[in-house]
Amino acid sequence: MSQMIINGMVLGMIYALIALGLTLIFSIMNVVNFAHGQMYMLGGFVVYYLYGVYQLNYFLALIAAALALAVIGIIFEKFFFRRVIRLAKREENTMLLAMGTALLLENLALFSFGEKQRGVPPVVTGVYEIGGGYLPAGRALVFFVALFLVIGLLLFVQYTRPGRAMRALAQDKEATYLQGVDINQISALGFAIGAALAGLAGGLLITIFAINAGSGTAVSTKAFTMIMIGGAGVVSGAILGGFVLGFCEAIGYETLPGSTTYLIIFIALILFLIVRPQGIMGRPQG
Amino acid sequence: MRDFRRSLFLAVLGIFLGAITLLFSFEKAVAQEKVLKIGQLGVMSGPAASWGLVNKYCIQAAAEMFNEEGGVEIDGEKYKIEFVSIDDKMDPKLAVSGMERLVYQEKIKYIIGPNVDTTAASVVPVIEAAGAINIAYAFSKALYSPPHSNSILGMIASYQAGPVIYKYLKENKGVKSISFIARNDSDPLNQRDEGVEAAKKLGLNIISSTDTYEPGTTDFFPVMSKVVKGNPDLIVLSGVAPADAPLLIKAARELGYKGLLSTETAQDIKILNEVAGKYAEGFISVGGASTPEIQSDYMKKFVERYKKVAGEWNDEAGTKVYALQMIIYTLQKAGKAALTDVEAFKKAIPEVKVRNPFLKEERILKYVGTAYFGQPRQIGVPMIVNEVRNGKFETLFIGSVED
Amino acid sequence: MAATRKVESERVEEKVREGGKGKPGILSSVLPFSLSSVLLFFLGLIYLIIFPLLYRDSRYVLGVVINASMLSVISLGVWLTFTIGRTNISQGAFALIGGYTTAILSVRYGVSFWLCLPLSGLMAALIGALIGWPILRLRGVYFAMITLSLTEATRLAFLNGGDFTRGGTGIVDIPRPGALSIAGITLIPAFKGSDPLPFYYLAASLLVLTLISLRRLTQSRIGWVFRSLRQNEELASSIGINVAKYRVMAYAICCFIGGLGGSFFAAFQQNIYPATYTVTDSIYFMLYCFLGGLDYLFGPVVGAFLLIISFELLHSIQTYQTMIYAIIMITFMLWLPNGILSLRFKK
């Protein structure tokens with residue numbers, strides 16, 4: 001039981017971080033970033049090379065991963081998404097563009113980093129025992145860094161000027177423009193932060209999981225599930241969605257034969273969305 | 001604008017039609033020197049990319065080595081080795097069209113791959129119709145049993161390794177209870193079922209065998225929690241991909257598991273060390289002729305060449321190096337006729353008995369599998385059971401497939 | 001803004017009322033009439049008669065064209081859901097349902113393929129209608145994401161189907177189509193051994209039939225209703241159209257076509273596994289539609305043939321194949337967002 005709660009908490013925190021990046025980009029630009037998982041994977045590779053291979057300090061490597069992905073995010077927004085959003089007659093166009101970029105990143109990674117699975121030595125070692133359950137120190141570290149990042153992001157969005165501009169942009173594009181906000185700049189910033197969050201998640205998780213060039217798609221699918229549960233484009237929804245999925249997985253794997261867990265999660269998701277299409281926290285669509 | 005659009009459209013159309021003509025009138029120029037063409041079909045992109053890529057790198061490295069010697073000799077004539085490689089993306093539709101391309105367009109008779117049950121089963125009708133032979137890396141028994149006779153299993157199937165490993169552990173390490181965990185996919189599930197059967201026969205106490213995880217899972221903590229709770233003497237990771245093994249081991253150890261862990265598939269030491277670190281100590285797996293202390297000089301040369309081709313060594317290659325070598329031995333035995341007629345190749349299969357060139361110690365290399373398939377349709381790769389000691393694979397014992 | 005909406009609404013209303021009568025259909029409205037029919041006639045002639053005669057002995061070429069034809073058919077279903085304004089990533093699920101229906105019926109109960117084929121389509125359509133009725137209330141990316149989950153859920157359901165679906169081991173040795181005879185007269189002889197030619201004719205006829213039916217459908221009143229749903233569902237509803245009914249109808253037809261495709265491939269490849277169709281396949285079906293152009297009935301066909309044949313051509317630069325796919329996708333969205341056909345047939 002306590003193992004289940006520990007598993008659920010750690011997974012939920014990690015998932016919340018992943019879902020936040022995705023939902024941020026969605027709220028600002030109305031784009032589902034299919035390449036989110038691939039960005040996660042790239043962040044992991046940055047940490048692998050800097051920390052695992054070149055033995056740099058882990059936290060420096062993590063910051064480098066965030067910066068690298070932020071740059072990629074800006075490039076994506078500036079050269080790809082901005083133009084397509086302007087030209088598109090249908091929103092499917094941005095969706096397909098996002099799928100294209102996901103495929104591109106995955107293949108670039110396959111050529112440059114090879115096909116092998118990568119992992120790094122643990123940053124901290126040891127295992128804590130809490131009420132009969134085990135919590136390895138590496139997971140505890142990931143949990144607290146993720147918690148710190150999530151709180152940091154919430155404060156940023158809530159209290160800083162660019163953060164407020166982002167929230168405004170998510171609500172009403174034209175009104176935001178009329179208030180003298182440079183829409184392009186804020187969109188690029190939003191994309192950069194979203195991508196950096198994915199990179200940070202990858203950089204964090206490579207210490208306890210491992211990655212390879214193809215591991216992005218599974219992460220994307222999970223991230224979609226989370227933001228559908230919580231409500232797309234809503235920050236609180238992303239966090240909630242992350243925790244709901246984290247606990248579902250932890251409970252499911254503990255009590256059900258493994259393979260049925262995700263089947264039940266998907267069926268439950270479809271039933272849930274029939275009742276509440278906008279997710280738990282989302283605004284009704286229209 | 002309209003004119004521009006029209007001309008652009010015509011240009012695209014023109015290129016497309018040109019391309020089609022090119023495709024359909026595709027005829028390779030006849031090479032001057034004698035050439036033995038080998039095909040390779042396998043998954044070389046996506047999460048399982050390493051399975052097919054290792055096949056490809058092995059062929060490439062071995063072919064370079066043969067060609068530098070002037071080629072391989074069949075009936076007194078030297079043949080250079082050329083190979084064509086196709087990515088099936090683990091999609092049966094692409095495997096079929098890829099195989100059709102190899103056998104009809106490239107006119108290749110000997111193909112290495114594919115790598116999983118779904119693709120291997122889909123190409124069977126193609127190779128049978130075309131009269132070709134393929135060396136597959138899928139474990140389904142039906143592929144190699146009559147009425148089929150054109151597929152050869154290129155490695156040791158887990159259901160063959162399982163009983164040998166469990167027996168050894170029961171006798172030498174006092175294992176009495178066993179649990180299984182498998183990826184939720186055709187191959188691993190089949191391997192688990194065979195493993196459970198073998199354990200039952202040995203009289204081991206099966207504590208759990210229904211736990212599975214989804215392909216693409218990265219967090220094995222939840223699923224492992226459940227397996228570890230049963231506290232078996234041995235946890236078998238059925239059909240585990242090299243990528244997942246270290247994560248599963250790490251999760252088990254971090255959850256306080258003290259018993260043994262083993263798998264029946266080939267693993268990669270680098271990733272085990274990188275990800276699982278000290279937790280990997282004592283992990284038991286099956287390897288090819290790859291552990292340094294048993295390598296022949298020829299194998300050492302091959303390892304060096306493989307590193308040049310692929311960038312770094314992969315222990316999976318220790319098993320996969322056998323495919324091309326066995327095709328060549330069999331062709332040499334069967335003679336020139338087999339280059340165009342696989343029936344001659346099939347006739348020569350039972351007669352192939354050579355010294356295993358990859359091992360230091362003297363061992364016979366031949367086709368096996370009669371006990372399982374009713375006909376010799378498996379390469380007799382030595383079953384080298386490894387244990388991780390001090391971050392390296394060390395050979396626990398060398399077994400062989402019962403024939 | 002209000003003014004344009006009014007104009008649009010009048011236009012939609014008018015077209016729905018007219019029921020498409022007297023108006024040229026989707027194809028002839030975009031093509032100069034004579035040219036289009038002549039061109040189509042010749043293309044059809046080449047495709048159905050000349051091509052198979054020329055390449056009768058080349059299994060590889062026939063195999064590629066069979067794949068392209070049937071994937072076009074499956075994608076045409078997705079195209080239809082695009083006309084009602086939904087991004088559908090669930091077609092892989094219905095191809096899987098169709099494939100398993102054929103596999104289970106023919107292997108377990110020995111039902112003839114010629115009965116399995118329509119039954120597979122109907123089974124997919126039935127399940128599609130049941131699931132579609134509630135989920136079609138979602139729109140945009142929400143619909144896209146839930147259909148993506150549906151593909152995953154279906155794969156997992158077949159994987160966990162126990163003895164009935166044989167789980168991960170899949171169903172193998174599915175028999176090839178036997179003879180079809182009615183009242184003692186053999187209409188279609190049994191498909192022999194490994195000859196791909198009968199499969200070619202079957203695939204080609206299915207494609208032509210699907211195209212003709214969909215063309216009739218899009219030209220009819222229903223076709224106009226579908227398009228009016230894409231433009232504005234509230235408006236369509238306000239002029240008395242039963243929106244839910246038409247949405248489900250489009251989706252069920254799409255699923256029917258997907259089921260047919262799955263059934264065909266099950267008999268063609270003689271096996272089916274839960275992993276035979278995945279999310280990637282569902283995405284590729286969409287990609288074919290986009291590449292050809294969503295506004296054109298021939299869009300998915302052009303897209304599928306172009307991508308699949310270029311896929312074969314790109315074998316010489318094989319290593320970079322998927323990368324080139326990705327670049328094609330990005331380039332198209334950047335510079336040719338309405339598909340290849342938009343170059344010539346300006347709407």
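This is a predicted model: local features need pLDDT of at least 70, side-chain atom pairs count only at pLDDT 80 or more; totals for chains, interfaces and linings use all residues.
Helix α7 of chain C covers residues 140–159 and extends 29 Å from its first C-alpha to its last, close to the 28 Å expected at 1.5 Å a residue. Of the 347 residues in chain C, 54% are buried. Among contacts in chain C between residues at least 6 apart in sequence, 79% connect residues at least 24 apart.

The contact between chains C and A involves 34 residues from chain C and 35 residues from chain A. On the chain C side, at least two residues each are supplied by α6 (113–135), α7, α12 (279–292) and α14 (321–335). The greatest contribution to this side comes from α7(C), with 14 residues. By class, the side of chain C that touches chain A comprises 26 nonpolar, 5 polar and 3 charged residues.

The largest nonpolar core has 363 residues, and those with the most contacts inside it are Ile14(A), Ile18(A), Leu69(A) and Leu248(B). Helix α1 of chain A (residues 2–29) gives the most to this core, contributing 17 residues. Both domain 1 (35–155 + 294–381) and domain 2 (158–265) of chain B also provide residues to this core, which therefore lies between them. When neighbours within four places in sequence are left aside, Ile14(A) is in contact with Val142(A), Ala146(A), Ala201(A) and Leu205(A).

Definitions and conventions:
Residues are numbered from 1 along each chain as its sequence is written. Chains are lettered from A and ligands numbered from 1 in the order in which they are written. Helices (H or I, at least four residues) and strands (E, at least two) are DSSP runs, numbered from the N terminus. The expected span of a helix is 1.5 Å times one less than its number of residues. A residue is buried if 20 or more other C-beta atoms lie within 10 Å of its own, exposed if 12 or fewer, and partly exposed in between; C-beta atoms are placed from the backbone. Two residues are in contact if their C-beta atoms, placed from the backbone, lie within 7 Å. Ala, Val, Leu, Ile, Met, Phe, Trp, Tyr, Cys and Pro count as nonpolar, Asp, Glu, Lys and Arg as charged, and the others, Gly among them, as polar. A nonpolar core is a set of buried Ala, Val, Leu, Ile, Met, Phe, Trp, Tyr and Cys residues joined through C-beta atoms within 7 Å. Domain bounds come from an automatic or database domain assignment.
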